[in-house]
Amino acid sequence: MIPEYDIIVVGAGHAGSEAAAAAANLGSRVLLITMDMTKIAQMSCNPAIGGIAKGQIVREIDAMGGYTGIVADKSSIQFRMLNRSKGPAMWSPRAQCDRTLFTIEWRKILENIEKLDLWQDSVVRLLIEEGNVSGVVTRLGVEFKSKAVILTNGTFINGLIHVGQNNISGGRSGEPASFGISEQLRDNGFEVGRMKTGTSARIDGRSVNFSMMEKQEGDDDPTGFSFIRTENYLPLQLPCYITYTNSEVHRILEAGFKDSPLFSGKIRGIGPRYCPSIEDKIVTFSDKSRHQLFLEPEGLNTVEYYINGFSSSLPLDFQIAALRKVKGLENVKIYRPGYAIEYDYYPPTQLFATLETKYLSGLYFAGQINGTTGYEEAAAQGLIAGINAHLKISGKKEFILKRDQSYIGVLIDDLVTKGVDEPYRMFTSRAEYRMLLRQDNADERLTPLSAEIGLAGQDRISLLHEKKRLIEETIDFLKKTSCTPSKVNHLLEEKRTSPVRQKVKLIDILLRPQVIMEDLQKLYPEIDKICSQLPRYQKEIMKSAEIEVKYSGYIDREKEIAGKIKRLEDVKISETFDYDKLHSISTEGRQKLKKFRPATIGQASRISGVSPADIRVLLIYLGR
C-alpha cells in the first residue's frame, strides 16, 4: 500500500534538501522525490558555499536549524572570510568544499531524519482537487497523496543544454530533463518564463602548470559557517589558483561567436548579468584586455578543477583552444566542456511571502524555479517553504522574516514584491540594514524566532544565551575598567594614535579606530579569561563584543530607521481590496497593485511603479 504524506518535496537539490529536512524536523511526514539519490544537493556549478552576502545567508540558515552550513563545514577544504578590509557589515564567509563529500554528508543527514522518506523517480504531474494540490504522479505511474507539495526542480523543468550548435534535453550534464509540470501549471493560470545559466569546463589538474599562477590560500584561523561548532572531517589545506585571460584568448573566443547559441538566437532565456559567460564578458567589457580566472579544487581525492570565470557555451574546439592560451593552461586537458542551460521558471510575484502560490493552495515553489541563482539563495527558500508548508497544514501562523531581520527576508520580499527580470543573486547592496544583518549575529537575530516554531533545538538556544552572556560580560569589563597612561600609552604609540594623560575607561581606548580587541587582550588577561569560557567561540565572542562597542552608533541608527519603516509593514491590506475605487492613484500604480496584491503598505511601497503619492492615498483611505 502506498503511504500518504503530509508534504511532498520534488527535487533534492539545495532547496529541496533544506525544505524536506525542515518540514520533517518540525513533525510533518515528508516524501522527498529525486531523479538520482547519488546526487542529493549536487554542486552543479563551482564547488563552493558562501561568498559576498551568500555567506550571510548560510549563517542565517544555520542559525535557524538548517543544514547547509553544517554540511559545508564537514566537507570544507578551504575557508576564507571575505572583505575583512571593510567594515563588519561586509564580512562574508566562503568555503571551498569537496563536491563528493558535500553530497554524501547531505544524504547522511536526510536518511537519518525520522519522518523523512526518499523516492527515486521523476514527477510528471500534480494532483489537483478544487484549487488545492493533493499529491503528485511520477514517471513510473505512482500516485503519492499529500496535503502540500513543494516544487524545487531547479534547472530540470524543460531543461535544454547548449554546447555550440549542439543542444540536448537535460537538467544538468548527463541527467534528463523533467517534463509535464509547466504545461499543467500554465493551464492553471500560471505565467511561465525561460531563464538561462551556464557553467565552466572541468579540467585535469595534472595538465596544469600551477607554478605559473598566483596561489590563494585559505585563512589561518578558519571559523566555519555553523554556530554549532563541529570538527571538520577534512583538513583545510587545498589552495585555489588565480590566472588571467589575455588578448589572444579573446581573439579565439570571438572567432567562435558565429557558432555561439548565445549570439545566434538559439538561447532565448534570460541570463545572469552578475555572473556572465566569458563570451558576455568579452562583449560587455570590450575595453578590458584580460579577465580573472580562479582554479578551484573539486576535492581532496580528485585532480579535477573548476575554472571559475570561464563559463561558456561555445563549441568544444574553441573552448580548448582558448584555454590553452591562458598562462599555466598551455597543455590543459578537460573532462567536459562548459555549457549553457535553459529552463522554465515561474515569476515569483505569483507567490505569497510564505512561498505558497497564489493560484493553487498547498503548492509552494523554492529555488531556481523562482528565478534565483545560487545554492545559498535556493537553500534559504527551501527552508522557508518547508517551514510554512508544515505550519499551514498544522493550522499554525505563517512564518515570514522581515527585511530588517535577515538577508533571507530581503531575498523573499524582493522576489514576491518586485519579481525578477534576470536570475536573482543576493548582494549586500540589496539590504537596507546591513549593519543589523551581519554574519556574526545571525544566531542572535534568528535562533529565538526558529525556536518559537520548534525548529532550532535547545542546544542552539543554550549556546546563544551563553555567548550573549559572555559578550555582555566582556563589554561590562571594558566599561568598568580604567587604564593608566603607563599601561596603555606604549600601545597607543605603536598604533600611532594620541597617548592619554590620565586614567580613562578601557572602552574609550577600544573606540579608537586604530585599536582592536586583540590589542587590549594582551594587556588585560581578564578579557581572555571571560571569552575563553567557551573555548571554540573565544575569538567570535571577542569580535562580537568589539563590533557592538565600535559600531553601536550605526547599529542604533539602523534600528531606529527600521522601527519607523516597520510601522508601514504593520498596516495590512486586504487581499480583496478594490483598487479601482481609488481614483487618485496613478494608472500604473493601480495596475501594479492589482497585479501583485501586496499584503502590507510596506510591501506596496517597494513595488516598482507605485509612487510615494500612491502610498499616501492608500494610507489616508486605510485611516492612517
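User: In which sense do strand β7 and strand β8 pair, and over how many bridges?

Analyst: This is a predicted model, where local features need pLDDT of at least 70, side-chain atom pairs count only at pLDDT 80 or more, and totals for chains, interfaces and linings use all residues. Residues are numbered from 1 along each chain as its sequence is written, and side-chain values use heavy atoms, without hydrogens and water. Strands are DSSP E runs of at least two residues, helices H or I runs of at least four, numbered from the N terminus. Two strands pair if DSSP finds at least two bridges between them. Here β7 (residues 123-129) and β8 (residues 132-138) pair in the antiparallel sense over 6 bridges. Arg 125 has Val 137 in β8 as its bridge partner.

User: What do β7 and β8 form?

Analyst: A hairpin, with 2 residues between the strands. Glu 130 in the turn has a positive phi of about 50°.

User: How do I read two packed helices?

Analyst: Use the angle between their axes and the distance between the axes. Axes are lines fitted to C-alpha atoms, for helices over the stretch in contact, and angles run from 0 to 180 degrees between N-to-C directions. The axes of α6 (residues 247-255) and α9 (residues 316-323) come within 9 Å and cross at roughly 175°. The two helices, α6 and α9, are therefore roughly antiparallel (angles over 145 degrees).

User: Which residues in α6 meet α9?

Analyst: Contact means heavy atoms within 4.5 Å. Val 249, Ile 252, Leu 253 and Ala 255 in α6 meet Phe 318, Ala 321 and Ala 322 in α9.

Note on methods
Parallel < 35°, antiparallel > 145°, perpendicular 65-115°, else oblique.
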